[in-house]
Amino acid sequence: MSSIRQFLKIVFPFLMSMAFFSCIDMKKITYFNDLHDSELKSPEAAVPLIHKNDILSISVSSLNPDASAIFNAPNLHPTASSTAIGATSQLVGYLVNENGNIQFPVLGNVEAVGLSLKQLSDNITKTLSDKKLLVDPIISIRFLNFRVTVLGEVEHPGVIPAPNEKISILEALGLAGDLTIYGRRDNVLLIREEDSVKIIKHIDLNSPEILTSPFYYLKSNDVVYVEPNKNKVRSVSNSRQMLPVLFSALSFLTTVIYLSVYYKK
């Protein structure tokens, strides 16, 4: 009995400390605290502009399919691209080079950087029509590399593609499996690069203000980082400190029980 009491004296504080640090304030893990039934004006998603090293899918059609065919051969060889779950896919499209241009069949250099997809589409349509290369051409352009990165205390960190070229921070976190119980919802870090300038923004997901924030919608290549809260740091630290003590206590108890049984025989 005395050996069991000694064991409990060692193990009980460990269990109590683990229970104490596992207690988490529910308000800190709840999204949109104090949000009541209401109507909120949704923030406008910024129109994405074309940047250097973007990869564009450009589809050309007209009344003459044979004449259009030459314009549907992209000038970029297949390259591996990371996806959210670690697999790879092949991107085939038009690369915006360091000069801000794409190499388009027949037309040669076409300026793209700084334009929206609609502006580039209008420019190509006009050029093809003016040069009488196609009659009533229809140009469809999409980003092939529109993606965001989610890191830190989420279930599935990684790179998340956005094929529809529009994704909110909540969608991105949802696709990453949501925050873990240890993720800080009141201090999510957003890193964005615009015109070679890094923009750093701290976002509070506990507050309903995020729903009307200009940072609600993400831009291509944004990075979202969820830092661990103090409970995660403490639990990891305490586990590392207490596990050797627990294993020693279990070893001691096993030895005592074995010797007790042995001498009783």
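Asp136 is exposed, with a relative accessible area of 57%; exposed means over 50%, buried under 20%, and partly exposed in between (1.4 Å probe, protein chains only). The residue sits in the loop between H3 and E7. Helices (H or I, at least four residues) and strands (E, at least two) are DSSP runs, numbered from the N terminus. Asp136 is not a glycine, yet its phi is positive, at about 50°. The model is a predicted one: local features need pLDDT of at least 70, side-chain atom pairs count only at pLDDT 80 or more, and totals for chains, interfaces and linings use all residues. Residues are numbered from 1 along each chain as its sequence is written, and side-chain values use heavy atoms, with hydrogens and water left out.

Asn53 also has a positive phi, of about 75°, although it is not a glycine. Its place is in the loop between helix H1 (2-22) and E1. Asn53 counts as partly exposed because its relative accessibility is 45%.

The protein has five helices and 14 strands. Of its 265 residues, 35% count as buried. The accessible surface comes to about 16,400 Å², as given by the Shrake-Rupley method with a 1.4 Å probe; for residues, only the protein chains shown count as cover. Carbon and sulfur atoms hold 58% of that surface. Among contacts (heavy atoms within 4.5 Å) between residues at least 6 apart in sequence, 62% join residues at least 24 apart.

Three strands form an open sheet, in the order E4-E1-E7, with antiparallel pairing. Strand E4 (94-95) and strand E7 (138-143) stand at the edges; each has a single partner strand, so one side of each is left without a neighbour in the sheet. Two strands count as paired if DSSP finds at least two bridges between them. Strand E1 (residues 55-61) and E7 pair over six bridges, in the antiparallel sense. Ile58 has Ile141 in E7 as its bridge partner. Helix H3 (residues 117-130) lies across E1 and E7. The helix runs at about 150° to E7. Axes here are lines fitted to C-alpha atoms, for helices over the stretch in contact, and angles run from 0 to 180 degrees between N-to-C directions.

The structure holds eight salt bridges. A salt bridge is a side-chain nitrogen of Lys or Arg within 4 Å of a carboxyl oxygen of Asp or Glu. One of them joins the side chains of Glu193 and Lys198, at 3.2 Å from N to O. Glu193 counts as partly exposed, because its relative accessibility is 48%. Lys198 is exposed, with a relative accessible area of 56%.

Another salt bridge joins Lys219 to Glu194, with the closest N and O atoms 2.5 Å apart. This pair links distant parts of the chain, 25 residues apart. Lys219 lies in the loop between strand E13 (217-218) and E14, and Glu194 lies in strand E11 (residues 188-194). Lys219 is partly exposed, with a relative accessible area of 31%. Glu194 is partly exposed too, at 27%.

Within it, the side chains of Asp186 and Arg184 meet at 3.1 Å, N to O. Asp186 has 32% relative accessibility and therefore counts as partly exposed. Arg184 is partly exposed at 28%.

Arg184 is also one of the residues touched by Asn229. Not counting residues up to four places away in sequence, Asn229 touches Ile181, Tyr182, Gly183 and Arg184. Asn229 is found in the loop between strand E14 (223-226) and helix H5 (230-264). At 11% relative accessibility, Asn229 counts as buried.

Ile70, Val106 and Leu133 make a nonpolar surface patch of about 250 Å². Patches are made of residues with over 30% relative accessible area and no salt bridge; like charges are joined within 9 Å, and nonpolar side chains (Val, Leu, Ile, Met, Phe, Trp, Tyr) within 5 Å. Ile70 has its place in the loop between helix H2 (65-69) and strand E2 (79-82). Ile70 is partly exposed, with a relative accessible area of 48%.
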